[in-house]
Amino acid sequence: MSRVKYLGMSRDRHQEGWVEESGKRAKKWKGHWFSYSADGKRHHTSRILGPKSMPKWEAKEKLRALIEKSTQQAAKCDDQTTFQYFWEHRYLPARTWEPSTRSAFVSVVTRHLLPKFGTRKLGGLDKLEMQQHLNELAESYSRSVVKKVRVQLGAVLEEAVEQEVIAKNAAQKLKMPPTRKPCERFLSIEEYGALLAELEVRDQLIVRMAVTLGLRAGEMFALRWNDVEPERLRIDESREFRGMGTKDTKTEDSDGYVRLPPAILAQLTAWRGLGKMSPVAFVFPTANGTPLSAHNYERDVIVPAAIRAGLMEQRPKNLPKGEKWRDKNTAVNFQAFRRTFSTWMQKTGATVKDVQGAMRHSSPDQTVRTYMKEIPASVAAAVDALDRILNLADVKVEGGVQ
């Protein structure tokens, strides 16, 4: 038997390692495995993995990670491997997603799959239990979220089948349960005016841009001054969902330009003059110069203003911390602003294609995709007309043109 063949067989045989109790007084989990040097000699290695109070499956997971790091080879997986380990070490590293896609799927799995199935063995996942989990999620989350959960659950198990870790994908025939009806909340002209009346200059400008231009929250707070041009805004970044930086926009079709009416340009110019910002500075920064968080901004600015304006109910007293209290049908947030944009833009006489182009939504129609990269005259006219309609709220905004 050649040395090369001998080394390969040995590595395979001992790649799994083993875990045992260690210590006389303070019991701990200790992991063992073998590695091989270039001359073919076998070396025993051991590491303390954690206290005995740690579940044995968690100790085995740590041992797998140590083996991979030490030998630069993937640890052996079988149907006793946990869902979380397989997701983190075998499935996720092999994905070639775009950054925005990766962020969305990682968030979905982290929030909705790992808490439920992370510690479960791949071979023990039950179809009925997974279907029940989807059904429960459908009671509180949108169809989009539930669908992502179903897709990722099936994809991870399918990869486990491909790698011969399990024999069958138990999630292959999971059904999409009925989900809650999407929120259709949008603001009337009167509600829009009432909200603006409760906001400061900066926040009036943010809301006006969100409603008139249809910007997503992440796009709004990733805007830099060099994105502001005489008749348009360049959209090429989005604020990260977590962290303080920016990332690529939601989809490739989201990149492009948005019509900038003269009245809003005047307000932006006045706002910039207050701070004399550099070209690469964010248009709406925090005190530290980082982009604002949409979640924090809605919580600290939009919701209180909406409550004062009578558009949302006050949080009930003595409500337990973490208990949901906002009615999605009356909630005022950036999603409501985008629905307000699309609803009122259609009332200007704009076609569905114009609205779709202005919102930079994906479409099978290649012509619509082209519109998303350039601003047609009809889209520019519709946005300007919407701005004039919204100005009927007759709220004086410092630096604005009424």
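Me: Which residues of helix 16 are buried?
Reply: The buried ones are V379, A380, A382, V383, D384, A385, L386, D387 and L390. Buried means under 20% relative accessible area with a 1.4 Å probe, protein chains only. This is a predicted model, where local features need pLDDT of at least 70, side-chain atom pairs count only at pLDDT 80 or more, and totals for chains, interfaces and linings use all residues. Residues are numbered from 1 along each chain as its sequence is written, and side-chain values use heavy atoms, with hydrogens and water left out.

Me: What covers the buried residues of helix 16?
Reply: The cover includes helix 8 (189-196), helix 9 (201-213), strand 7 (256-259), helix 11 (262-275), helix 13 (334-346) and helix 14 (352-359). Helices (H or I, at least four residues) and strands (E, at least two) are DSSP runs, numbered from the N terminus.

Me: How many residues of helix 9 are buried?
Reply: Eleven of the 13, so helix 9 is largely enclosed by the rest of the structure. Among them are D203, Q204 and R208.

Me: And what comes just after helix 9?
Reply: G214, with a positive phi of about 70 degrees.

Me: Switching topic. At what angle do helix 6 and helix 7 pack?
Reply: Helix 6 (residues 127-138) and helix 7 (residues 143-162) pack at about 160 degrees, with axes 9 Å apart. Axes are lines fitted to C-alpha atoms over the stretch in contact (heavy atoms within 4.5 Å), and angles run from 0 to 180 degrees between N-to-C directions.

Me: Which residues make the contact?
Reply: Helix 6 gives M130, L134, L137 and A138, and helix 7 gives V146, V149, R150, L153 and L157.

Note on methods:
Buried means under 20% relative accessible area, exposed over 50%, partly exposed in between (1.4 Å probe, protein chains only).
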